[in-house]
Amino acid sequence: MDAGDSAGMPPVEALQSVFSLHETRRDGDRILYYGESLVPEQMLVREVWPSFRQAGYEIQVATTPSGREDVIVARPVTNGTEGIPWKNLGLFLATVVSTMVVGALAWYHIPFAEIRAEPLSVLRAWPFTAAVLGVLTTHELGHYALSRYHGVDVSLPYLIPFFVPFGTLGAIIQMRGQMPDRRALFDIGVAGPLAGLAATVVVTAIGLSLPPMTVPESVIRGSGQVIVFNNPPLLNLIATVLGQPTNYADPTVTVHPVIIGGWVGMFFTVLNLLPVGQLDGGHIVRAMLGEAQERLAAFVPVALFGLAAYLHYVLGYSFNESVGLWVFWGFLAIFIAYRGPANPVDDSPIGPARMAVGVLTFALGALCFLLVPIEVMTL
């Protein structure tokens with residue numbers, strides 16, 4: 001197909017002032033424009049995107065393998081999930097199984113021999129699974145709903161099965177479309193933490209209202225140590241309002257595992273609100289501060305490594321406790337920051353109302369922060 005054959009395609013005239021077009025090709029439902037960009041990439045997208053989007057296409061800018069030509073890749077905007085999302089469904093079912101098995105073993109203290117003899121005994125851990133997956137899925141659905149509201153093409157949530165201590169590494173959604181403006185970027189970024197925190201409060205309140213669990217003495221005697229998940233301030237605040245305890249003098253008595261779902265929601269909120277790259281915090285701060293977000297992101301790994309050093313060298317915590325956790329996230333923050341933030345087409349400021357919501361979101365996130373989320377105690 002040559003450049004003159006434009007039947008059923010976005011308006012080529014939108015390219016004239018910013019792109020020297022040499023050739024146009026079709027690749028399935030995609031349209032590839034080969035040529036030379038006359039302006040920087042971000043300016044090219046800003047000039048071309050509105051016309052292509054109005055015609056029902058998203059665009060990406062790339063270069064040929066040889067590096068001699070620029071390529072604008074246009075593909076139709078999808079209006080929703082087509083057919084059965086088998087990958088999402090498969091990961092969801094796998095995560096249900098992984099959280100239920102881990103919940104049965106680690107939080108309901110069902111012996112492995114009993115599970116092997118009667119596999120359906122893991123169903124006793126369904127409240128734990130419902131709590132953890134309810135919080136994580138609500139978080140991602142907050143992003144999904146606001147992405148659809150702003151017309152940004154996104155996938156359904158992908159849940160990630162894993163092993164101890166929770167049976168999952170969380171959930172993600174894949175953003176496939178261009179971010180139209182900073183307002184959309186802010187709304188999509190902030191929707192996840194706020195929706196997740198609302199679910200977290202509900203789950204925590206339910207967990208606190210349930211009777212405590214008894215830990216078999218054999219579990220305590222067998223290890224001589226116990227891993228303690230310390231309470232974030234928000235959890236203690238909810239417990240105080242409800243007048244419920246969060247710990248017991250008897251080491252064989254512990255809170256109901258549903259509360260762990262609330263703990264997971266709070267912990268993942270803190271991590272997601274780190275203002276780096278394309279984490280929720282990175283989206284929010286990029287929308288609030290513009291390109292200054294990248295300068296702030298550069299300090300995040302330094303702060304996390306400094307936090308780990310303080311815990312280890314000053315407070316004496318071991319690497320197996322929260323020290324290793326912050327070191328891991330320090331390296332991960334470097335990788336995420338290197339990939340950079342989402343860049344909206346329209347970089348206009350978001351306004352004072354959204355700025356206030358952003359400040360409130362980070363304040364709520366601060367209520368979920370713990371210097372030492374996890375520690376090992378000897379009995």
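**Exercise 1.** Work out how helix H9 (residues 280–289) and helix H13 (residues 352–366) cross.

*Solution.* Start with the axes: those of H9 and H13 come within 10 Å and cross at roughly 150°. Axes here are lines fitted to C-alpha atoms, for helices over the stretch in contact, with angles from 0 to 180 degrees between N-to-C directions. Helices (H or I, at least four residues) and strands (E, at least two) are DSSP runs, numbered from the N terminus. Next, the hand: H9 passes H13 in a left-handed crossing, meaning the near helix is turned anticlockwise from the far one by less than a right angle.

A word on the model: it's predicted, so local features need pLDDT of at least 70 and side-chain atom pairs pLDDT 80 or more, while totals for chains, interfaces and linings use all residues. Residues are numbered from 1 along each chain as its sequence is written, and side-chain values use heavy atoms, leaving out hydrogens and water.

**Exercise 2.** List the residues through which H9 and H13 meet.

*Solution.* With contact as heavy atoms within 4.5 Å, H9 brings Gly281, Ile284, Val285 and Met288. H13 answers with Met355, Gly358, Val359, Thr361 and Phe362.

**Exercise 3.** Describe the chain over residues 353–374.

*Solution.* UniProt's unreviewed entry lists this stretch as a "transmembrane region". In the model, residues 353–374 are 64% helix and 5% strand. The end C-alpha atoms sit 36 Å apart.

**Exercise 4.** Is Arg68 buried or exposed?

*Solution.* First place it: Arg68 is in the loop between strand E3 (57–63) and strand E4 (70–76). Its relative accessibility is 77%, so Arg68 counts as exposed (over 50%; buried is under 20%, with a 1.4 Å probe and protein chains only). Finally, Glu36 lies 32 residues from Arg68 in sequence and 8.5 Å away in space, C-alpha to C-alpha.

Conventions. UniProt positions are given in the numbering used here, feature names are shortened, and annotations may be inferred rather than shown by experiment.
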